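Visitor: I would like to learn how to read a few features of a model like this one. Could we take them one at a time?

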Amino acid sequence: MESLAQSVTTAIQSSDFAQLSAVFTSQWQSLGQGEQRTLASHFIKTAIASPSFFPDAFRSPQIMSVITTTLNHLPPTVESAADNTLRQKIFDFKVNEEEDYSTAARILSGLRMEENEASVYYLPPIERCDVFVKVAECYLEEDLTVEAEGAVTKAGTIIESTGISISAENEVKDERTVTLMLRYKSTYARVLDANRKFLPAAMKYHDLSTAYMHTDAIDADDLLSMLGRAVTCAILSPNSAQRQRVLGLVYKDERLSQLDAIPEFQSHSLLLTKMYLNRIVQKRELEQFESSLADHQKAIMADGLTIVERGVLEHNMVAVSHLYTSIYFTQLAELLGVVDAVKAEKVASKMISDGSLSGSIDEVEGVLRMGHPTKAKEESALLHWDETITSFCTQLNKVTDAVRV
């Protein structure tokens with residue numbers, strides 16, 4: 001065993017990758033489990049202490065195989081948490097040199113992190129949270145949304161359980177904490193967006209675009225970009241009273257018109273305004289908006305329509321109900337612009353059944369008859385009440401975030 005350890009030390013000092021590979025393949029198999037753990041720990045400690053072994057070793061498939069073997073056969077504790085140091089080095093190399101984000105995320109997620117301050121693996125809450133946010137960010141770079149959601153959820157659990165955003169000793173919050181909270185909220189919003197949970201994503205994006213307006217934590221252009229993403233997700237959200245509240249929240253943002261100067265969002269303010277005011281969206285306006293969407297936002301649903309086509313279709317149905325007391329489905333299809341009379345009837349039937357459209361269908365005459373004015377007034381009053389409550393909660397969130405910052 002001592003001779004093997006000496007062989008490993010000599011090979012690391014001379015960067016003899018072939019010798020290291022031989023030790024951890026053929027000779028490795030003859031060792032007992034305890035000896036394997038001891039040798040694995042020795043390799044990692046010696047490699048980390050060497051001033052010249054990394055980063056060249058990371059470019060060798062042989063050494064990366066050795067590293068994988070040793071990381072999987074460690075004792076309960078490695079001196080000075082050298083295995084964590086190695087994982088951090090690999091993470092930095094994979095991200096900065098190879099742009100291999102999924103591998104980097106898997107390596108970093110293997111860090112040993114403990115809450116016991118006496119442990120060599122102790123990390124304070126802010127550092128543990130930072131690890132999971134980094135992992136989520138890397139997974140998002142490669143559109144691995146399920147894995148990203150798992151990582152950002154763990155970060156959120158740490159924030160909620162430890163009160164990471166508020167110091168128990170009333171200390172002034174440092175720039176690192178503010179930046180971490182910003183990255184966490186941004187990553188969480190991106191995860192919701194990527195998983196097509198557009199309504200909560202819109203709320204998170206808008207919260208981000210307003211919470212940091214009076215700080216230097218984020219550039220004004222980035223805040224405006226967050227507002228644009230909030231508009232995108234609000235428009236893509238399924239038709240509901242809550243969606244209407246979010247549309248109203250963004251519609252009343254005084255920066256909305258500034259999006260027209262940004263090519264990526266130049267059609268957004270017009271479309272959101274039409275949706276909030278229940279005006280019919282034209283097909284050319286829909287096409288202009290759709291050209292700005294990301295791939296996951298253009299998914300085709302089971303009914304053959306894209307997410308935005310279905311959203312605009314349902315919106316136009318509601319808009320038509322404010323203009324007509326009854327309408328033939330052939331005329332309705334012409335107004336909607338993206339479907340025929342048969343599909344228009346199916347969509348209307350679904351919306352009536354789920355309560356998002358008030359009306360009835362005369363299948364014999366092919367007519368859609370709209371709901372009663374009294375009921376519409378009641379719904380309008382309820383919507384106004386909901387908007388008032390939403391506005392109050394939003395202002396409360398802004399005050400809370402301002403206090404935290």
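Guide: Gladly, bearing in mind that this is a predicted model.

Visitor: Is S41 buried or exposed?

Guide: A residue counts as buried under 20% relative accessible area, and because S41 has 9% relative accessibility, S41 counts as buried. Leaving aside its neighbours within four places in sequence, S41 is in contact with L74, P75 and V78.

Visitor: How do I read a sheet, and in what order do the strands lie here?

Guide: Strands of a sheet pair through backbone hydrogen bonds, either parallel or antiparallel. Here 3 strands form an open sheet with antiparallel pairing, in the order β1-β3-β2. Since β1 (326-328) and β2 (359-362) stand at the edges, each with a single partner strand, one side of each is left without a neighbour in the sheet. Between β1 and β3 (residues 367-370) the antiparallel pairing runs over 3 bridges, and S326 has R369 in β3 as its bridge partner.

Visitor: Which helix lies across β1, β2 and β3?

Guide: That is helix α16 (residues 329-336), which runs at about 85 degrees to β1, while helix α17 (residues 341-353) packs on the sheet and touches β2 and β3, its direction making about 140 degrees with that of β2.

Visitor: And at what angle do helices α7 and α9 pack?

Guide: Helix α7 (residues 125-141) and helix α9 (residues 175-194) pack at an angle of about 35 degrees, their axes being 10 Å apart, and α7 passes α9 in a left-handed crossing. The residues of this contact, including V133 of α7 and L180 of α9, divide into 9 nonpolar, 2 polar and 8 charged.

How values were computed
Residues are numbered from 1 along each chain as its sequence is written. This is a predicted model: local features need pLDDT of at least 70, side-chain atom pairs count only at pLDDT 80 or more; totals for chains, interfaces and linings use all residues. Side-chain values use heavy atoms; hydrogens and water are left out. Axes are lines fitted to C-alpha atoms, for helices over the stretch in contact, and angles run from 0 to 180 degrees between N-to-C directions. Helices (H or I, at least four residues) and strands (E, at least two) are DSSP runs, numbered from the N terminus. A crossing is left-handed if the near helix is turned anticlockwise from the far one by less than a right angle, and right-handed if clockwise. Contact means heavy atoms within 4.5 Å. Ala, Val, Leu, Ile, Met, Phe, Trp, Tyr, Cys and Pro count as nonpolar, Asp, Glu, Lys and Arg as charged, and the others, Gly among them, as polar. Buried means under 20% relative accessible area, exposed over 50%, partly exposed in between (1.4 Å probe, protein chains only). Two strands pair if DSSP finds at least two bridges between them.
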